[in-house]
Amino acid sequence: MVKVIDAHCDLLDKMALHPEMDFRQDSVYADVSYPRLQRAGMVLQCFAVYLSDRQRITFERLLEGFDLFHQKIAVHNNVQFVRTKQDLESAAAMGRLGAMLTLEGADGLEGSMVYLRTAFYLGVRMMGLTWNQSNWAADGVMEPRKGGLTVKGKQLVRECNKLGLILDVSHLGEKGFWELIELSTKPLAASHSNAQSVCSHPRNLTDDQIKALIVQGGIAGLTFVPWFVKTSEPGVKDILTHIDHICGLGGVRHVGFGSDFDGIDYHIPGLEHPAHYERLANELHKRYTAEEAEGFLSGNWHRFFMENLPDDDGD
Ligand SMILES: [Zn+2]
């Protein structure tokens, strides 16, 4: 059975819109469901809390997102809430779906280190500083002034390093990326970004960025957003072009997947929901060794999380 780790989906955003949704069943509203993740062989799925423009950007709204994750996803018997290395190991041993809580943009933390630490206590284990625009911490990749990290943003980075909260560079502007590379004492992840040399889009990573992530032990999760994969008529095989490219930069052990399912309205034909990971796995096994394919599908993220998640307290 193929094992998969997916570092980014936006199911929680869909659930906030449609409170009647049940994770245990397929839904017309959502790409991600428990049955589809099970068919994919998913051992760990990251669930992002993202506050969109339609909401007030407050910590209270973040709490609602965290609550939704706990009430609708982590609560189920066959789901293992993953906060530590040991949780990740026990999810695999028990044959449960690992579920990690992540945050897409620090906006809702309102510049407060108390709120940041509270988010960590509630289980957030990976966080992007920004979405596409600017916030109190940094400038996102679409912010025209192209600024880096703010003083408060730097404070946030130090606090995340101290806590063991993984920093995610997807959506972060390039200046902030380089400041983060300089400042962070821990390896960084790009939960859902592709290679800019293969598909020119500002949300994708340049070769220099990919190389910098590799050098410091980080990882990039390739995403299935059609226009980040190929400018016209992308197909499942076009994702392999990004993998080839990153491997060419020395990243064979530093690349995985972060689909962005439920964060996109359009899909690559044949890659419309998590159960379709099987098709991608088939293509990977045709082109790469079994060990490499396994690394891309789950092994590389698994190693990264085992190196960077906190340990159990032992209680
Ligand atoms: Zn995103």
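Colleague: Where do Trp301 and Phe304 lie, and how many residues apart are they?
Modeller: Both lie in helix 12, 3 residues apart, about one turn of the helix. Helices here are DSSP runs of H or I with at least four residues, strands are runs of E with at least two, and both are numbered from the N terminus. This is a predicted model, where local features need pLDDT of at least 70, side-chain atom pairs count only at pLDDT 80 or more, and totals for chains, interfaces and linings use all residues. Residues are numbered from 1 along each chain as its sequence is written, and side-chain values use heavy atoms, leaving out hydrogens and water.

Colleague: Thanks! How many aromatic pairs does the structure hold?
Modeller: It holds 16 aromatic pairs. Rings of Phe, Tyr and Trp (its six-membered ring) pair if their centres lie within 6.5 Å; planes under 30 degrees apart count as stacked, over 60 as edge-to-face and the rest as tilted. In one of the pairs, Phe177 and Trp178 have ring centres 4.9 Å apart and planes at 85°, so that pair is edge-to-face. Trp301 and Phe304 are also an edge-to-face pair, at 5.8 Å centre to centre with 80° between the planes.

Colleague: And are Trp301 and Phe304 buried or exposed?
Modeller: Both are buried, meaning under 20% relative accessible area; exposed is over 50% and partly exposed is in between, using a 1.4 Å probe and protein chains only. Phe177 is buried too, at 0%, whereas Trp178 is partly exposed at 32%.

Colleague: Which rings form a cluster?
Modeller: Ring pairs link Phe23, Tyr34, Phe47, Phe69 and Phe81.

Colleague: Back to helix 12: which residues of helix 11 meet it?
Modeller: Tyr277, Ala281, Leu284 and His285 in helix 11 meet Ala290, Ala293, Phe296 and Leu297 in helix 12, where contact means heavy atoms within 4.5 Å. The axes of helix 11 (residues 277–287) and helix 12 (residues 290–308) come within 9 Å and cross at roughly 150°. Those axes are lines fitted to C-alpha atoms over the stretch in contact, with angles from 0 to 180 degrees between N-to-C directions.

Colleague: New topic: where does Glu110 lie, and what is its phi?
Modeller: Glu110 is in the loop between strand 4 (97–104) and helix 5 (113–121). Its phi is near 55°, a positive value in a residue other than glycine. Glu110 is partly exposed, at 43% relative accessibility.

Colleague: How about Lys146, buried or exposed?
Modeller: Lys146 is exposed, with a relative accessible area of 59%. Lys146 sits in the loop between strand 5 (124–128) and helix 6 (151–163), and its phi is near 55°.
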